[in-house]
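Please walk me through this structure, step by step. I am new to it and would like plain explanations.

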Amino acid sequence: MPPRLFVGVDVGSLSTDLVLLNDQGKVLSEIIIATGVNGAEAAEIAFDEALSETELTRGDISAVTATGYGRASVAFATGKTTEISCHGVGAHQLFPNTGTVIDIGGQDSKVIQIDARGRMLDFTMNDKCAAGTGRFLEVMADRLELDLGELSNPLNLEGETAPISSTCTVFAESEVISLLAKHTPREQIVNGLQRSIVNRIWSMVTSIGVQGEVTLTGGVANNKGLVLLLEAQLGRPVNVPDNPQIVGALGAAHIALKGYSQG
Amino acid sequence: MSLAKSLKFKFMKDYGAPALLTFQNFKKRKPRPIPEAFGPPLKANQRLKEILTRHYFLSRYVPGVKKVAWVTSGAPVELLRAFDFYTIYPENHSALVGAKKQGADYCGIAESDGFSQDLCSYARIDLGHMLSGKTPAGKLPKPDLLFCSNNICQTVLYWYKAIAHELDIPLIHFDAPFVTTQQTEADVRYMAQQLQDMIPVLERISGKIFYLDDLEVILKRSMESSQTWGTILKEMQAKPAPMTIFDAFGHLAPIVSLRGLPVAEDYYHILLEEVQDRVARGIGAITEERYRLIWDNIAIWYKVRYLATFFAERKMNFVSATYTNAWAETTGYLDVKDPWNSMAKTYGQIILNNNLKHRLDLMKSMINDYGVHGMVMHSTRSCKPYSVGQFDLRKALNTELDLPAVILDADIADERVWSEQQIQTRLEAFCETLEDQVSAT
């Protein structure tokens, strides 16, 4: 009997991520593409890419769990779960001692507490505002004429920081403009922006509390400077997955697997 | 008072209003189909609609017949009733505008006049109404008197001051000291004295003489209506609960705005009878009630249907709310034999004028009495006194009772603050936690 296969697809505001698992929980394929204007179509493309990579057909897949903002639009999904539960499960799979997940996504950020089995106990999310999200960094990268990779340069923790006092994306952008006008070095502005995000995340972390190991997920975890700052603030190291963007999809695939095996 | 106007008011009361209601029932469109997740609707809904339609309809014919007062929801209206004021509740009217999804329009009018977007949306809608005359209720009478109490918030005082200034009319403010630990005798004396000092002012504005006997009759009615309302809410302890808290948000209108009048007293007997009958026959508000929830804070008026359906489809029913409970919580203090002190105790200790410890204890006992599995807290930009402290309450309830809870950042009547996608994700994640926890036990 061929192994049963499971898919998790996370249709986020910026990227659509897909993970294909076998029934032992081994990852066979990971796909990340831009969501663009049509989430449903992005999910289809990611699915087809994963299938062609592994030389499988849709008929070979036993169950698909969709998550992320576009979860309702995924036609081939057999179930849907919020990205909050999925990030909890995904982080637990990668780092089993995780008790706290900090997910900084494109459109929102969240802090999730999970139990020893990866089940969500409590969570908090940013309010209707782009402060402390990937979108904030994108806007600033654009303004600074840097790409996101350049924006993630590890900062010198002792070095000078240009203060960005506003957490509002629009106001912070004005601050960046005036700092540039004053010929403030870009590295200092980058430091200031990273601090601004960490401050915003920190208020969510303190509102819910930290327990167990901390795992950082979502695309913004690729920002090395931000990770350093967050670790300094937490006073302990954080787990950063090799591919932090895929954690939601990984969790979704595991939820599909678990749901299937429980019948 | 003109005789012609009085005759017209009487005619409208006896013939006009009944004719309007008959006409409305006649032209009534086919009712919207009820989603399968819901049980049969309450029959009392029809009566409630009639009462409110009649109240707003008659208010047009009131000027020149009775003096009109605009009153805040927590003010001791019984005193005004002794002078036969026709009362309008701007908060109820703003909730109505919100429920009709017109809040943003009215708020916009107030904002163009310079009022801040951070001001309570009930206030902005009311100011928008005052500035434009717009209302979904046809026409509202201009007030002769404004009557407010800071027992619900400080905003009402400045909101009513703005109206008093614009319309050049008197404003009476009932100052209720905040209960930081417990109400003191000095607080009670201070409030009771204020109430008595209002008598000559009210006599002058209304042109009527005060009789203590009248006040006693009104207080008795008020007390009975509130107690009946409290009994109705207690019936929701039954499993399944005979109505949802979303129903109760609507049925709250008479106890808020018609308190002390016979119509409210009669209405709650009708509703109680129906609710008790449903309990006896095991009829639930939703078809299958697997989880029982509690709501904190004022309703999100423009999303009541959305939220009711969202939860009913997941077999979740709201069986209690701190908000609906507020008009039953302190009426036990009312005493017709001691009107002044008992009004001071009743109105001085309502939930929004009481400390956080009180609120925590109250919520704990409600969660226990109503067999609650989870809590939804609406953090509303409009009502700071209600929303401040919710994070601490949530933490305390989560730690002490292991109660899953979610906080929704929204607004009572300004729909521009609503972000459906974000709210939906939060609510679904909350449901996932709740289902996990309840199935694990």
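Across which strands of chain B does helix 7 lie? In this predicted model, helix 7 of chain B, made of residues 155–167, lies across strand 3 and strand 4 of chain B. Its direction is at about 170 degrees to that of strand 3 of chain B.

At 1.5 Å a residue, the 13 residues of helix 7 of chain B should span 18 Å, and the end C-alpha atoms are 18 Å apart, which agrees. The buried residues of the helix are Val156(B), Trp159(B), Tyr160(B) and Ile163(B). Seen down the axis of helix 7 of chain B, these buried residues fall within an arc of 90 degrees, so they line one face of the helix. They pack against helix 6 (121–132), strand 3 and strand 4 of chain B. After helix 7 of chain B comes Asp168(B), which has a positive phi, near 55 degrees.

The two strands under discussion belong to an open sheet of four strands in chain B, with the order 2-1-3-4 and parallel pairing. Strand 2 (86–88) and strand 4 (171–174) of chain B are its edge strands, each pairing on one side only. From one strand to the next, the twist averages 25 degrees. Strand 3 of chain B, residues 145–149, runs parallel to strand 4 of chain B and is joined to it by four bridges. Phe147(B) has Ile172(B), in strand 4 of chain B, as its bridge partner.

Chain B also holds an open sheet of four strands with the order 6-5-7-8, again with parallel pairing. Strand 6 (316–321) and strand 8 (405–410) of chain B stand at the edges with a single partner strand each, so one side of each is left without a neighbour in the sheet. On average, and with direction ignored, neighbouring strands here are turned by 30 degrees against each other. Strand 5 of chain B, residues 291–296, pairs with strand 6 of chain B in the parallel sense over five bridges. Within this pair, Leu293(B) stands opposite Phe318(B) of strand 6 of chain B.

The last topic is the contact between the chains. Chain B gives 13 residues to it and chain A gives 14 residues. On the side of chain B that touches chain A, helix 18 (390–401) and helix 19 (420–440) of chain B are the elements that give two or more residues. Helix 19 of chain B gives the most, with nine residues. By type, the residues on this side of chain B are two nonpolar, six polar and five charged.

Definitions and conventions: Residues numbered from 1 in each chain as written. Chains lettered and ligands numbered in written order. Predicted model: local features only at pLDDT ≥ 70, side-chain atom pairs only at ≥ 80, totals over all residues. Pairing = 2+ DSSP bridges. Axes fitted to C-alpha atoms, helices over the stretch in contact; angles between N-to-C directions. Contact = placed C-beta atoms within 7 Å. Nonpolar A, V, L, I, M, F, W, Y, C, P; charged D, E, K, R; others polar. Expected span 1.5 Å × (residues − 1). Buried ≥ 20, exposed ≤ 12 C-beta atoms within 10 Å, placed from the backbone. Arc of directions from axis to C-beta.
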